[in-house]
Amino acid sequence: MMHFNIFLSGEIHSSWRDNLIQKAEKLNLPVDFSGPVTDHDASDNIGVNALGDEPQSFWKDHKAAKINAVRIKNGIENADLVVIKFGEKYRQWNAAFDAGYAAALGKSYIVIHPEDFTHALKEVDAQAMAVARDEDQVIEMLQYLSQK
């Protein structure tokens, strides 16, 4: 069986990562998952927590983005496959950036998003190996890819 290191990128406001991981574990798929810090407050505040307060939100966000980028860049660089979900509630500019980074590195990636995002994400979708509508479709692909 082929083993995959998978980086889970994108939307952090739902339990899609946990659902995907649980389904993969239940099927004993030969995969390891990693991803960004999904505690929104922890992610937003790591810069000021580690390096000190910032009176301007730009610099607060800048510090946090740089620190978070260490984990995200390494995760994408070390992944065999990147799965990127665009959720319905918020615009995930970071997810689009992660897709572009994965594409620039020549990494295979799968995108998950609702059908009504198709036009807005056409460039992201064009570079993806697959565009899924939900986690179950990703699980089905992982089952297939893991076969001998």
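The model is a predicted one, so to speak: local features are taken only at pLDDT of at least 70, side-chain atom pairs count only at pLDDT 80 or more, and totals for chains, interfaces and linings use all residues. Numbering starts from 1 along each chain as its sequence is written, and side-chain values rest on heavy atoms, with hydrogens and water left out.

Start with the pair α2 (residues 40-51) and α3 (residues 57-77), whose axes come within 7 Å and cross at roughly 100°. Helices here are DSSP runs of H or I with at least four residues, strands are runs of E with at least two, and both are numbered from the N terminus. The axes are lines fitted to C-alpha atoms, for helices over the stretch in contact, with angles running from 0 to 180 degrees between N-to-C directions. On the α2 side, the contact (heavy atoms within 4.5 Å) is made by Ser43, Asp44, Asn45, Ile46, Gly47, Val48 and Leu51. From α3 come Lys60, Lys63, Ala64, Ile67 and Asn68. By type, the residues of this contact split into five nonpolar, four polar and three charged. In that tally Ala, Val, Leu, Ile, Met, Phe, Trp, Tyr, Cys and Pro count as nonpolar, Asp, Glu, Lys and Arg as charged, and the others, Gly among them, as polar.

Within α2, the buried residues are Ser43, Gly47 and Val48 (buried is under 20% relative accessible area, exposed over 50%, partly exposed in between, with a 1.4 Å probe and protein chains only). Seen down the axis of α2, these buried residues fall within an arc of 135°, so they line one face of the helix; the arc is that of the directions from the helix axis to the C-beta atoms. What covers them includes α3. The other side of α2 has Asp41, Asn49 and Ala50 exposed. As for the ends, a side-chain oxygen of Asp39 reaches to within 3.2 Å of the backbone nitrogen of Asp41 at the start of α2, while the helix is followed by Gly52, with a positive phi near 110°.

Ala64 sits in α3 and, at 4% relative accessibility, counts as buried. Leaving aside neighbours within four places in sequence, Ala64 is in contact with Ser43, Asp44, Ile46 and Gly47. Ala64 and Ala50 are 14 residues apart in sequence, with 9.2 Å between their C-alpha atoms. Lys63, also in α3, counts as buried too, at 16% relative accessibility. Not counting residues up to four places away in sequence, Lys63 touches Gly47, Leu51, Gly52, Asp53 and Glu54. A polar atom of the Lys63 side chain lies 3.0 Å from the backbone oxygen of Gly52. The C-alpha atoms of Lys63 and Val48, 15 residues apart along the chain, are separated by 7.2 Å.

Helix α6 (residues 135-145) has its own buried set: Glu135, Val138, Ile139 and Leu142. They cover an arc of only 100° around the axis, which puts them on the same side of α6. That buried set packs against β1, α1, β3 (81-85), β4 (108-112) and β5 (130-132). Glu140 and Tyr144 are exposed on the face turned away from the buried side. Asp134 caps the N-terminal end of α6, with a side-chain oxygen 3.1 Å from the backbone nitrogen of Asp136.

Asn5 has its place in β1 (residues 4-10) and counts as partly exposed at 31% relative accessibility. Apart from residues up to four places away in sequence, Asn5 touches Asp32, Asn78, Ala79, Asp80 and Leu81. Ser14, in the loop between β1 and α1, is partly exposed at 38% relative accessibility. A polar contact of 2.6 Å joins the side chains of Ser14 and Glu11; such a contact is a pair of N or O atoms within 3.5 Å, where within protein one must be able to donate a hydrogen and the other to accept it, and residues adjacent in sequence count only if both atoms are side-chain atoms.

Finally, Asn28 lies in the loop between α1 (16-26) and β2 (31-34) and is exposed, with a relative accessible area of 63%. Phi of Asn28 is positive, near 55°, in a residue other than glycine. Most residues other than glycine have a negative phi.
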